[in-house]
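Subject: Structure handover

Hello,

Here is the structure for your files. My notes on it follow below.

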Amino acid sequence: MISPIADMTSSPILIIVIISVVLFFFFFQLIILRNREKTWSKKLLRSYKINPEGDKKELRKTTVSFFSFFVALELLALFVGLGIGEGSIIKKRIENQNLKYNYTINSESNQETDIYMIDINSTYYFYVTKGDKRIKIAPVGKINDLKVIDKK
């Protein structure tokens, strides 16, 4: 069973974006290091307070840590932005009752209920029941049975 958030992180587009960002920063660093004697490269390095006159090894060490910070910051912004965007989409669907109920849950009361599963972690299920606009949180131990609704 895969949650919507897990679907988001396994998307091929997301993987392509992550790889392309890392490659972009890597090649950008190589271009700057190879052209460190040119005025545009010196100007760019000085704008980030990096000494372009140092030896190549020192310059590489400085730019690797600098670009690693930018890659980490970009990936953080990407995942936070995707999380906020996904959350706002789910919020609108809940408000408009435009959900495709994808599971049937059977809790301790042995009552089957159609739900829209928002996410699952190791201890809780996060879901919305049919006709309700509130998100419910249930401990994994309180759920007896979880069935996927057949999409016909």
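In which helix does Leu23 lie? Leu23 belongs to helix 2, residues 12-34; helices (H or I, at least four residues) and strands (E, at least two) are DSSP runs, numbered from the N terminus.

Please note that this is a predicted model, in which local features need pLDDT of at least 70 and side-chain atom pairs count only at pLDDT 80 or more, while totals for chains, interfaces and linings use all residues. Residues are numbered from 1 along each chain as its sequence is written, and side-chain values use heavy atoms, with hydrogens and water left out.

Overall layout. The protein chain has four helices and five strands, in the order α-α-α-α-β-β-β-β-β. Its C-alpha trace spans about 75 × 30 × 25 Å along the principal axes. The radius of gyration is 24 Å, whereas a compact globule of 152 residues would have one near 15 Å (taken over C-alpha atoms; the globule rule is 2.2 Å times the number of residues to the power 0.38). Of the 152 residues, 29% are buried; buried means under 20% relative accessible area, exposed over 50%, and partly exposed in between (1.4 Å probe, protein chains only).

Surface. Leu23 counts as partly exposed because its relative accessibility is 41%. Together with Ile15, Ile19, Phe26 and Phe27, Leu23 makes a nonpolar surface patch of about 470 Å². Areas come from the Shrake-Rupley method with a 1.4 Å probe; for residues, only the protein chains shown count as cover.

Aromatic pairs. The whole structure holds eight aromatic pairs (rings of Phe, Tyr and Trp, its six-membered ring, with centres within 6.5 Å; planes under 30 degrees apart count as stacked, over 60 as edge-to-face and the rest as tilted). Phe25 and Phe67 form a tilted pair, 6.0 Å centre to centre with 35 degrees between the planes. This pair links helix 2 to helix 4 (residues 56-96), across 42 residues. Phe25 is buried at 16% relative accessible area, and Phe67 is buried at 9%. Phe28 and Phe67 form an edge-to-face pair, 5.7 Å centre to centre and 90 degrees between the planes. Phe28 lies in helix 2 and Phe67 in helix 4, so this pair ties together parts 39 residues apart in sequence. Phe28 is partly exposed, at 28%. One aromatic cluster is formed by Phe24, Phe25, Phe28, Phe67, Phe69 and Phe70.

Regards

Key: Patch = residues over 30% accessible without salt bridge, like charges linked within 9 Å, V, L, I, M, F, W, Y side chains within 5 Å. Salt bridge = Lys/Arg side-chain N within 4 Å of Asp/Glu carboxyl O.
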